[in-house]
Structure formats: C-alpha cells, structure tokens
Amino acid sequence: MFSKELFGQRVLEQRKKHGETQKELAQIVGVGDTQIIGIEHGRNTTTAERIALICEHYGVSSDYLLGLTDDPAPKYPLDG
C-alpha cells in the first residue's frame, strides 16, 4: 500500500546515497527545493513524470520508491 512517508524516506535515502543536495534533485526534476523537502518529510507527492525522472536518475524502480516492493532494482531496463 502506498505511503507518502515511505516514498519520502526512499527518495531521501537515494538522494543521500548519491551525495546530492535537495536543491540538486529539485533541479533534476524541475521543481523548487521546498517541494523536495515536502516529499522527503512525507507531506507531498509528485507527478508520475517526475517519479519516472527520479527513478531514471537513481536507477531504481518506481515500485520501490512507491513502497510496493523492497527490491530497488528495476524489472525492465531504464534505457528502453
């Protein structure tokens, strides 16, 4: 079941794992850094397009970010 809190936690985890700031991630997905702060604190979500950008950027599956699986590896190649 989808949880904004888990989604935010996983976005935060990936951002820190890749050594990026909230501002850098915001620029990548085309939002303000306050939107990223809201996502990471479990207050906000974002569009499917932006979730796809985050997944492509970090090389993780959307199912993982959305909390539908605990396996971060995408089932299908991200370049296809």
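Is Arg10 buried or exposed? With a relative accessible area of 8%, Arg10 is buried, where buried means under 20% relative accessible area, exposed means over 50% and partly exposed is anything in between (1.4 Å probe, protein chains only).

## Ground rules

This is a predicted model, so local features need pLDDT of at least 70 and side-chain atom pairs count only at pLDDT 80 or more, while totals for chains, interfaces and linings use all residues. Residues are numbered from 1 along each chain as its sequence is written, and side-chain values use heavy atoms, with hydrogens and water left out.

## The overall fold

The protein chain has five helices and zero strands, with helices (H or I, at least four residues) and strands (E, at least two) taken as DSSP runs and numbered from the N terminus. Read from the N terminus on, the elements go α-α-α-α-α.

For 80 residues, a compact globule would have a radius of gyration near 12 Å, and the protein chain, at 11 Å, agrees with that. That radius is taken over C-alpha atoms, and the globule rule is 2.2 Å times the number of residues to the power 0.38. The C-alpha trace spans about 30 × 25 × 20 Å along its principal axes. Buried residues make up 32% of the 80 residues. The accessible surface comes to about 4,900 Å², with 51% of it belonging to carbon and sulfur atoms; areas come from the Shrake-Rupley method with a 1.4 Å probe, and for residues only the protein chains shown count as cover. As for contacts (heavy atoms within 4.5 Å), take those between residues at least 6 apart in sequence: 48% of them join residues at least 24 apart.

## Two salt bridges

Side chains of opposite charge can pair when their charged atoms come close. A salt bridge here is a side-chain nitrogen of Lys or Arg within 4 Å of a carboxyl oxygen of Asp or Glu, and a search of the whole structure finds two. One joins Arg10 and Asp70, whose closest N and O atoms are 2.7 Å apart. That pair links distant parts of the chain: Arg10 sits in helix H1 and Asp70 in the segment after H5, 60 residues apart. Leaving aside neighbours within four places in sequence, Arg10 is in contact with Tyr64, Leu65, Gly67, Thr69 and Asp70.

The other bridge is between the side chains of Arg15 and Glu40, at 2.5 Å from N to O. This pair also links distant parts of the chain, with Arg15 in helix H1 and Glu40 in helix H3 (residues 33–40), 25 residues apart. Arg15 counts as buried at 7% relative accessibility, and Glu40 is buried too, with a relative accessible area of 10%.

## Around H3 and Gln22

In H3, the buried residues are Ile36, Gly38, Ile39 and Glu40. What covers them includes H1 and H2. After H3 comes Gly42, with a positive phi near 75°.

Gln22 and Glu5 are 17 residues apart in sequence and 17 Å apart in space, C-alpha to C-alpha.

## The buried face of H4

Helix H4 (residues 48–58) has Ile51, Ile54, Cys55 and Tyr58 buried. Seen down the axis of H4, these residues fall within an arc of 100°, so they line one face of the helix; the arc is that of the directions from the helix axis to the C-beta atoms. They pack against helix H1 (4–17), helix H2 (22–29) and helix H5 (62–65). Just after H4, Gly59 takes a positive phi of about 70°.

## One aromatic pair

Rings of Phe, Tyr and Trp (its six-membered ring) pair if their centres lie within 6.5 Å; planes under 30 degrees apart count as stacked, over 60 as edge-to-face and the rest as tilted. The count comes to one aromatic pair. The rings of Phe2 and Phe7 have centres 6.2 Å apart and planes at 50°, so the pair is tilted. Phe2 counts as partly exposed, at 40% relative accessibility, whereas Phe7 counts as buried, at 1%.
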